[in-house]
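I opened my notebook to get to know a new structure. Here is what I looked up, entry by entry.

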Amino acid sequence: MECRDRYFMIAINLSFTGDDPQFEATDEMGVYPITKTYGAQHGYSVNIFPARGIFELRASYFSSHTYNKKDEVFGFNFNLIVSHGGQWKAHPLNKTCTPALSWAPKEITCEVNYMEVSLKREVTCPSEMQQADRNGFRLNYPLTTEDLHMVLHTYGAKLKPMSLSDAFRQGYVFHVTYERLVLRTAYGQVDSVATESLVSDGLKEFYIFNLYVEQILLDEDQIDARLGLFRTLVTPLLPRPLLCVNETLFEERTFLVYLGDIPEDVALVAVSLNGREFSLQEIMIDFTVTAVAHTNNTHGYTLKVPFDHPVVIQQFSKHDNAMKYTVTIQFTLHVLPEKEPIYHQTAIVALMDASPPEVDAFCSDSGIRFTLEHRPFDHLWQITIGSDLLSSELATRHGYIVTNDSQRLQLDVPLFTTGYKYNVRKGDPANIIRLNKDHRRRVVLQNVTLKGFSGTFEVLLRDPEASEVHRSITKTCPFSLSQYISCSTNGTMTVMVDLSPNIQNGVIPARTHLLDRNCRPKDSDRTTVLFSFPLNSCGTTVKVGKEAVTYQNEIFLPSESHKGGNSLEGSHDLQSVTIQCTYPLDGLHRFFWTYMFDSDTTGVGRIVYAKQPSHGMQSPNVRLRLKVCKELPKGSLGVVPVIEMY
């Protein structure tokens, strides 16, 4: 509450008053609600300024219900009526003011809703009257409104005098104070015309200036007249572009958008992301929205949207060789208090490096392990073993072990599974890769020694659309196994057996042999033997089941006490190790009918330690009977096996 030069002012924050505040003027006679019409007649101006958040009352010092002491001290009493929790409550407000400026002989005030004129009592006659007439017109008794009449001058014409009661009915109000005559009238009389309408699209702004101008005039009678003008100046509609800044945080993989230069009376209510609309409450849950206040009576909002949110469009750009993230944002704002909607739309594109993921490879005792740390866009590439897509079916078929979670993909490739390449010594390849008629890969393991070997496995990252190889991850690991068995796709069994438990029994590894005693180790040392032989040799027996074929042989372990013998007959202490290779029937393309053994997959090997008798060494289920043929197809083995099943 402030006392100004010619009026008293109360300003209250709208956050306290609510949507429908009211003022009442009070005096010893009663309470008077200040409506629009009543305020203009009785010297009150009530205004709401949403942009400033202010509810304001201005009262003339000569307003109707103001206490006036000799035109020097003025007392104001008002009630502010507001609603709190559905209950109306009156807050009394009062103030006493003493104007700092003395009153001029003539005071004219032009408020936003009325005009007010006050005169000293001595200055009541027009200047064209003669001095004698003026002196004769002076009153020697207190003046009342009943002694006064009013004459209006309109466009140069002088109308008939009217009593103040008639003038009041036409909207003119008179007061007689201690030293002054006061006349007040609302705007909009018959000689007044008012039109300030507008149509607008987009966000526009206009500035309102509550202007009070005071002039000191000197009329032809050399009498000062103070003219006070209240004017609300409104600028034309001006475009108000909002500021939208892309401040994307690439390291955090997050869109950061700032929408600023927003006027005070405009508020954000909703955001649409790629056509999906979120209310302000919803977007505060899934995203981050922060209000930013500025000292120039504007504010702004920052919006954070993660690249990997499902609402964001993700595409691989071949032109940029990058991952492209796109989000179209539409901000919905309301102009208060009418809640008229306005919209601001922007589209933001972020390009991120989309190089193939890094794959780490590690050696282990039993194979090679590949690991891949997941990135959100790794689905742009496929992992293949050769030309075959890595899948759970492929892993099951070839014996790979795959574990996959939200953080990491891990591929364990056991030794001797499909896809390995082997080297037994520097520059000497242990594998031969060739294609059969169905263009399937076959691996032949050769030249294995007890000195160990290296295994190489390759994983490929491909473009799923063009099948183009983007990256090859190859890992070679040294292996030195005391025992293993390999059943190759070309029908070769390679087995390394550790005989350490039998050495104490006098077993000499170099003197071991297979069912065919002419099949001796390819290599041996003090504890280990290495055999490598075709499955259709060395006395190998064949057992045919419903779904698989098993090739079996035995490694016989003669002890030191039998080193002079030339026959197995009578050797009751001879020990043996059973070795087997099993192949699925549906993967065998040729079953000993031609020289070349051919299988889609490697076989499953098995080593069984057992003590065997020296008599009757044969397969309990299958007996091979060979018949010599005079005419055989070119390239045939020369014998045709006849398989008798018991």
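I began with R4, which counts as partly exposed because its relative accessible area is 31%. This is a predicted model. I then looked for the partner of R4 and found E2: their side chains form a salt bridge, with N to O at 2.6 Å. E2 is partly exposed too, at 38% relative accessibility.

Next I checked E107 and R6, whose side chains meet in a salt bridge at 3.1 Å, N to O. This pair links distant parts of the chain, 101 residues apart. E107 sits in strand 10 (residues 106–110), and R6 lies in the loop between strand 1 (2–3) and strand 2 (7–13). Both residues are buried.

I also noted a salt bridge between R58 and E56 (2.9 Å, N to O). R58 is buried at 5% relative accessibility, and E56 is buried at 7%. Shared partners join E56, R58 and E111 into one salt-bridge network. My search of the whole structure gave ten salt bridges.

**Then the cores**

I turned to the largest nonpolar core, which has 34 residues. F255, L273, L303, I329, F331 and L333 touch the most other members. Strand 29 (322–335) is among the strands that each supply at least two residues, and its seven residues are the largest share. A second, separate core has 29 residues, including I385 and F457.

**One last residue**

Is T96 buried or exposed? I found it exposed, at 55% relative accessibility. T96 lies in strand 9 (residues 87–97), and its C-alpha is 5.6 Å from that of F74, 22 residues apart in sequence.

Methods:
Residues numbered from 1 in each chain as written. Predicted model: local features only at pLDDT ≥ 70, side-chain atom pairs only at ≥ 80, totals over all residues. Heavy atoms only, no water. Core = buried A, V, L, I, M, F, W, Y, C linked by side-chain atoms within 4.5 Å. Buried < 20%, exposed > 50% of the residue type's maximum accessible area, 1.4 Å probe, protein only. Helix = DSSP H or I, 4+ residues; strand = E, 2+ residues; numbered from the N terminus. Salt bridge = Lys/Arg side-chain N within 4 Å of Asp/Glu carboxyl O.
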